[in-house]
Amino acid sequence: YARRITASTPVDITGPAAGHPLMKTSADPGGTRVLGMLNNCAGGVTPWGTWLTCEENFNFYFWGKEWAKASSNAETYDRYGVPDDYYPWGKYEDRFALEKEPNECHRFGWVVEIDPFDPKSTPKKRTALGRFKHEGAGNIVNKDGRFVVYQGDDQRFDYVYKFVTEGRVNLENRAANIDLLDRGTLYVARFDSGGRGEWLPLTADNPKLQSFKDQGEILIFARLAADALGATKMDRPEDIEANPKTGKVYVMLTNNKERKTSGSKGPNAANPRPENLFGHIIEMTPDGGDHAATGFTWEILLKCGDPSVATVGATFNPLTSKDGWFGMPDNCAIDAEGRLWIATDGNNLKATGRADGLYALETEGTARATSRLFFRCPEGAELCGPCFTPDLETLFVAVQHPGESEDPKVPATYESPTTRWPDFDPAIPPRPAIVAITRKGGGKIGG
C-alpha cells in the first residue's frame with residue numbers, strides 16, 4: 001500500500017469551490033485538478049479508513065510580493081500572507097510565480113483526503129472544509145450520524161472552525177462515504193465572555209456575507225468571511241480533538257507573542273494573557289452533547305508555562321511535578337481510555353529549561369490539569385503526530401528537525417548539528433523519524 005505523494009502528484013479538487021473561476025489556471029482551465037499538496041501538518045483518520053491531511057503554510061512556496069501588493073486582489077493575497085517569497089520556487093516554475101499564475105495559490109490551503117488502501121486512487125482536496133492554514137482535522141461521528149471535523153487555523157489572531165456533513169456516515173458500506181465531505185456546513189467559532197460560544201455559519205445565505213459572490217468564494221477566502229462574521233481571534237489554534245468518551249473538544253492554542261494589552265489585538269475572554277508566550281488549552285462542550293449544535297460552553301482547561309513563576313500565570317494542578325509542566329501545546333491525541341496527550345513545539349532549553357515532547361494530561365476529577373512528561377525530544381526537535389493503536393500497546397510519535405540550534409548566535413550546521421539523533425554516527429546527519437514506543441514486557445501505555 002505504500003506510496004509517495006509530492007508537489008507533482010495529481011490531486012482532484014472537489015466540493016463547492018471545484019471549477020470556480022478563482023481555481024482555474026492555464027494548466028487547468030477547468031479548475032478541478034491540481035498538482036500536489038504542500039506543507040502538510042496534522043490531520044485525522046475517518047471511520048471509513050481514509051486519511052485527512054492538512055495544508056498549512058502554503059504561502060511559503062509562492063513568489064512575487066511586489067506584484068501582489070500592486071494587484072487589484074492585494075487584500076485577499078495579504079490576508080493569507082501570499083506570496084511569502086520564502087522558497088524561490090516561483091523563480092524556476094511558473095505556477096508558483098503569482099504574476100504568471102495568480103490563481104495557483106487558491107488551490108492550496110485545503111484538507112486533502114487520501115485512501116491509503118488504494119495506492120492508485122487520486123487524493124482529493126475537499127473544499128467544503130474551507131481554505132486556511134490548517135493544523136489538524138480532529139473528527140467525531142455525531143449522535144445523529146453526521147460527521148464533524150474540527151479545524152484550527154494556525155496563525156496568530158486566526159480562528160477555530162468546524163465542518164458538519166450534510167449526509168450521515170454509513171459504517172456498513174465504505175463506498176457510501178467516499179464523497180461525504182463534499183457537502184455540509186462550515187462554521188467559525190465565537191467565544192463569548194461568561195463561558196458561552198456560538199458557531200457562525202460560513203454560508204452564502206448568511207446576511208453578513210453578501211459581499212461574496214457565491215459559496216465557492218466564501219470557502220476560498222474563509223479567513224475573510226470569518227472576519228466579516230466577527231469570529232474570535234485566537235492565539236494560534238493548532239490541533240483540535242474531540243473526546244469520544246466524554247464528548248468534550250480540546251483546542252491547542254500554542255502561543256501569541258503579539259497579543260497586546262489592549263485594543264483590537266488585546267486580550268479577550270478566551271485568550272486572556274497579553275504576550276502569551278506559552279499558550280493554553282480550551283475545553284469546549286457542545287450543547288446537549290450534539291456536535292452539530294451551534295451553541296457550546298467553554299472554559300480554559302490550562303494556561304501553560306512554568307507554574308513556579310507567578311508572572312507567567314500558569315494554572316497547572318498543584319499535583320503536577322516540577323518536571324511535568326509544559327508550554328506551546330501543538331498536536332494532541334486522545335487515547336482509547338479518554339486521556340489527553342499533548343505534543344509540544346517551541347520550548348527552548350535556554351529560555352524555559354524545557355525540551356519539547358509528549359505529555360499526558362488528566363482532564364477529569366481531582367487530578368484535572370495534572371500533566372506528566374512521557375517522552376522527551378532530542379535537542380532542537382519538536383514532537384508531532386502522536387498516535388495510539390486501539391489496544392494502547394503501541395504509541396507512534398514523529399520527531400521533526402532534530403539537531404537545530406536554539407541559539408541564534410551559534411547556528412547548527414551540517415558539520416556541527418546540536419545532536420546526531422537517531423544514529424549518533426559522526427558520518428550521518430540528524431534525521432527526522434517515526435518512533436514506535438512499546439511497554440517493556442507488553443501491556444497498555446499510560447495504564
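**View 1. Helix α5 and the glycine that follows it.** Helix α5 is followed by Gly230, whose phi is positive, near 75°; helices here are DSSP runs of H or I with at least four residues, strands are runs of E with at least two, and both are numbered from the N terminus. The model is a predicted one, in which local features need pLDDT of at least 70 and side-chain atom pairs count only at pLDDT 80 or more, whereas totals for chains, interfaces and linings use all residues. Residues are numbered from 1 along each chain as its sequence is written, and side-chain values use heavy atoms, with hydrogens and water left out. Because six of its eight residues are buried, α5 is largely enclosed by the rest of the structure; buried means under 20% relative accessible area, exposed over 50%, and partly exposed in between, with a 1.4 Å probe and protein chains only. The buried residues of α5 are Ala222, Arg223, Leu224, Ala225, Ala226 and Leu229.

**View 2. The largest nonpolar core.** A nonpolar core is a set of buried Ala, Val, Leu, Ile, Met, Phe, Trp, Tyr and Cys residues joined through side-chain atoms within 4.5 Å. The largest one has 56 residues, of which Phe62, Val82, Tyr161, Leu181, Val188 and Leu202 touch the most other members. Elements that give two or more residues to this core include β1 (10-14), β8 (146-153), β10 (160-168) and α5 (222-229), and the largest share, five residues, comes from α5. Leaving aside residues up to four places away in sequence, Val82 touches Phe58, Asn59, Phe62, Ala68, Tyr77, Leu98 and Cys105, where contact means heavy atoms within 4.5 Å.

**View 3. Arg168 and its surroundings.** Arg168 lies in strand β10 and is partly exposed, with a relative accessible area of 48%. Although Asp144 is 24 residues away along the chain, its C-alpha atom and that of Arg168 are separated by 7.6 Å, and the backbone oxygen of Asp144 lies 2.8 Å from a polar atom of the Arg168 side chain. Beyond residues up to four places away in sequence, the contacts of Arg168 are Asp144, Gly145, Arg146, Asn177 and Leu180.

**View 4. Salt bridges.** A salt bridge is counted where a side-chain nitrogen of Lys or Arg lies within 4 Å of a carboxyl oxygen of Asp or Glu, and by this rule the count comes to 33. The side chains of Arg146 and Asp144 form one of them, at 2.8 Å from N to O, with Arg146 partly exposed at 22% relative accessible area and Asp144 likewise partly exposed at 27%. In another, Arg95 and Glu104 meet at 2.9 Å, N to O; here Arg95 counts as buried at 12% relative accessibility, and Glu104 is buried at 3%.

**View 5. A salt bridge between two loops.** The side chains of Glu362 and Arg339 meet in a salt bridge of 3.3 Å, N to O. Glu362 lies in the loop between β20 (357-361) and β21 (371-376) and Arg339 in the loop between β18 (329-334) and β19 (340-344), so the pair ties together parts that are 23 residues apart in sequence. Glu362 counts as partly exposed at 29% relative accessibility, whereas Arg339 is buried, with a relative accessible area of 18%.

How values were computed: A polar contact is a pair of N or O atoms within 3.5 Å; within protein, one must be able to donate a hydrogen and the other to accept it, and residues adjacent in sequence count only if both atoms are side-chain atoms.
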